[in-house]
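Welcome, and thanks for taking a look at this one. Please have the model open beside you as you read this short tour of side-chain pairings.

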Amino acid sequence: MSNPYIELVKAHDALLQKHDAPLFTTLDGLAIAKKQGSASSPVAMVFAPHPDDECIIGALPLRLAREDGYRVINIAVTLGSNLPRQPERLAELDRACQVLGFELRESIPGGLMAVNPKTRDSDPAAWAEKVDAIAGLIKQYQPTVCVVPNDNDGHTVHIGTHYLLLDALAKLGHACFVVQSEFWRAMATPNTLIETSITDTADLIAALACHVGEVQRNPYHLRLTSWMADNVRRGAEVVGGAGVAAPTFSFGTIYRIDHFDGKALQDNGQKYILSAEQRIGSLFQ
């Protein structure tokens, strides 16, 4: 008797080996998303350690824009450590943000460098300058929601970006919701799993395919759906509870939502699993 799952595995393999999947060096043929919100709309700021993180962790802010009219501003904290490629990465990032309808701001022209815990611990003066740059953007946009990697995300710049945001919020005493994301390492205590629709998931992949120089060396845009499917598997248990029935949706992203009271993160003790039919803005009221 043949294995009944062989065709499923073959089909999945074919998708992951889809060498003719398009990459986008221009916006020709791509739908450009209308930027949501106005000057009076609530603001969600995405603090992306590198160009491409805005796509990988962007499911929640994308839904906030499309469902609740949030103005989403992506802060390019760094442009990567490869100096000659930084202008190209900025151009790739600009295309990706246009696909998603995110506004784009650099932390400083050319992006910050040495955003990591070592700088925070050993060079207070340099770290303070970086905090001031981020604090200035927060003061300007007054976000209701800030999205940032968690403090153990397995990459020094991701971890540095986490502390950079929290230090800037504390410097200003700015109260808001902080949404922590994960990618390089799973969070120990996530509290939120959200679905992305077929359309939203495809748009995140198309935006990721604008980061041509990155996905050419590692086609993680083709693997985003696999990661999102595994998020649903894991999120069902770590957010929903051990042994509970898993949600029926296919694609999801795991986060942790807390309130920053102007001094520190405060746990509200809640857990959330939201399908695409449930309004996500209700979490931030």
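Across the whole structure, a search turns up three aromatic pairs. One of them joins Phe-183 and Trp-184 in an edge-to-face arrangement, with 5.0 Å from centre to centre and 70° between the planes. Please keep in mind that this is a predicted model.

**Aromatic rings**

- Phe-183 also pairs with Trp-227: the ring centres are 5.3 Å apart and the planes stand at 80°, so this pair is edge-to-face.
- Phe-183 sits in the loop between strand E5 (175-181) and strand E6 (192-195), while Trp-227 belongs to helix H10 (residues 224-238), so their pairing ties together parts that are 44 residues apart in sequence.
- Together, Phe-183, Trp-184 and Trp-227 make up one aromatic cluster.
- Which side of the burial cut-off does Trp-227 fall on, buried or exposed? Its relative accessible area is 18%, and because buried means under 20%, Trp-227 is buried.
- Phe-183 has a relative accessible area of 24% and is partly exposed.
- Trp-184 counts as exposed, with a relative accessibility of 53%; the cut-off for exposed is over 50%.

- How many salt bridges does a search of the whole structure find? There are 18 salt bridges.
- One of them is formed by Glu-214 and Arg-89, whose closest N and O atoms are 3.6 Å apart.
- This pair links distant parts of the chain, with Glu-214 in helix H9 (residues 212-217) and Arg-89 in helix H4 (residues 86-100), 125 residues apart.
- Another salt bridge brings together the side chains of Arg-234 and Glu-182, at 2.0 Å from N to O.
- Here, too, distant parts of the chain are linked: Arg-234 lies in helix H10 and Glu-182 in the loop between E5 and E6, 52 residues apart.
- Arg-234 and Glu-182 are both buried.

- The side chains of Arg-233 and Asp-230 meet in a salt bridge of 2.6 Å, N to O.
- Arg-233 and Asp-230 are three residues apart in helix H10, which means that about one helical turn separates them.
- Asp-230 counts as partly exposed, with 35% relative accessibility.
- Elsewhere, salt bridges with shared partners connect Arg-85, Glu-88, Arg-89, Glu-92, Glu-214 and Arg-217 into one network.

- Thr-201 is part of helix H8, which covers residues 198-208.
- Is Thr-201 buried or exposed? At 2% relative accessibility, Thr-201 is under the 20% limit and therefore counts as buried.
- Which residues is Thr-201 in contact with, leaving aside its neighbours within four places in sequence? Its contacts are Thr-196, Thr-225, Met-228 and Phe-251.

Terms used. Residues are numbered from 1 along each chain as its sequence is written. Side-chain values use heavy atoms; hydrogens and water are left out. Helices (H or I, at least four residues) and strands (E, at least two) are DSSP runs, numbered from the N terminus. Buried means under 20% relative accessible area, exposed over 50%, partly exposed in between (1.4 Å probe, protein chains only). Contact means heavy atoms within 4.5 Å. Rings of Phe, Tyr and Trp (its six-membered ring) pair if their centres lie within 6.5 Å; planes under 30 degrees apart count as stacked, over 60 as edge-to-face and the rest as tilted. A salt bridge is a side-chain nitrogen of Lys or Arg within 4 Å of a carboxyl oxygen of Asp or Glu.
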